[in-house]
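The sequence and the structure are shown first.

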Amino acid sequence: MSATERAPLRLAVVGCGRIATDYFQALSALTDFRVVAAVDPEPTRCESLAPGAPSYRDLDALLEHHSESLVAALVLTTPSTHRELSSR
């Protein structure tokens, strides 16, 4: 990688429901991020949104395995849960 190239941002997705699908349609034009993990109580949602990325049923499991390697997380859950999840 040259000095002018950047490695993709390593992101986690927390919540893989309908709003996550909408976000990913909008983000599909961007190439400077990579989803490296996904969290949702229903693992099949993770697989359809982020194929090949490890999936977890809760945020604690994701943080246990990926806290050092993540740059950011997209919290795409019900709005009432954003504060608690984002503060972790």
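This is a predicted model: local features need pLDDT of at least 70, side-chain atom pairs count only at pLDDT 80 or more; totals for chains, interfaces and linings use all residues.

## Cores, sheet and helices

Thirteen is the count to begin with: the largest nonpolar core has 13 residues, and Val13, Cys16, Phe24, Val35 and Leu49 have the most contacts inside it. Two or more residues of this core come from each of β1, α1 (18-27), β2 and α2 (43-49). The largest contribution, three residues, is that of β2.

The strands form an open, four-stranded sheet in the order β3-β2-β1-β4, and their pairing is parallel. At its edges are β3 and β4 (72-75), each of which pairs on one side only. Between β1 and β2 there are six bridges in the parallel sense. Within this pairing, Leu9 is placed opposite Phe33 of β2, and Val14 is placed opposite Val39 of β2. Strand β2 is largely enclosed by the rest of the structure, because six of its seven residues are buried.

| Helix | Strands it lies across | Angle to β2 |
|---|---|---|
| α1 | β1, β2 and β4 | about 170° |
| α3 | β1, β2 and β3 | about 130° |

Helix α3 (residues 59-66) has the buried residues Leu59, Leu62 and His66. These residues are on the same side of α3, because the arc they cover around the axis is only 60°. An α-helix has 3.6 residues a turn, so residues three or four places apart point the same way. The packing partners of the buried residues of α3 are β1 (9-14), β2 (33-39), β3 (55-56) and α4 (82-86). Glu64 and His65 are exposed, on the face of α3 turned away from the buried side. At the N-terminal end, α3 is capped by Asp58, with a side-chain oxygen 3.1 Å from the backbone nitrogen of Asp60.

A polar atom of the Asp40 side chain lies 2.9 Å from the backbone nitrogen of Cys16. Leaving aside residues up to four places away in sequence, Asp40 touches Gly15, Cys16, Gly17, Arg45, Cys46, Tyr56 and Arg57. With the same exclusion, Cys16 touches Ala38, Val39, Asp40, Arg45, Cys46 and Leu49. Cys16 and Leu49 are also among the residues with the most contacts inside the largest nonpolar core.

## An exposed loop position

Ser28 is found in the loop between α1 and β2. Its relative accessibility is 56%, so Ser28 counts as exposed, the limit for exposure being over 50%. Ser28 and Ser80 are 52 residues apart along the chain, and their C-alpha atoms are separated by 26 Å.

Terms used
Residues are numbered from 1 along each chain as its sequence is written. Side-chain values use heavy atoms; hydrogens and water are left out. Buried means under 20% relative accessible area, exposed over 50%, partly exposed in between (1.4 Å probe, protein chains only). The arc is that of the directions from the helix axis to the C-beta atoms. Contact means heavy atoms within 4.5 Å. A polar contact is a pair of N or O atoms within 3.5 Å; within protein, one must be able to donate a hydrogen and the other to accept it, and residues adjacent in sequence count only if both atoms are side-chain atoms. A nonpolar core is a set of buried Ala, Val, Leu, Ile, Met, Phe, Trp, Tyr and Cys residues joined through side-chain atoms within 4.5 Å. Two strands pair if DSSP finds at least two bridges between them. Axes are lines fitted to C-alpha atoms, for helices over the stretch in contact, and angles run from 0 to 180 degrees between N-to-C directions.
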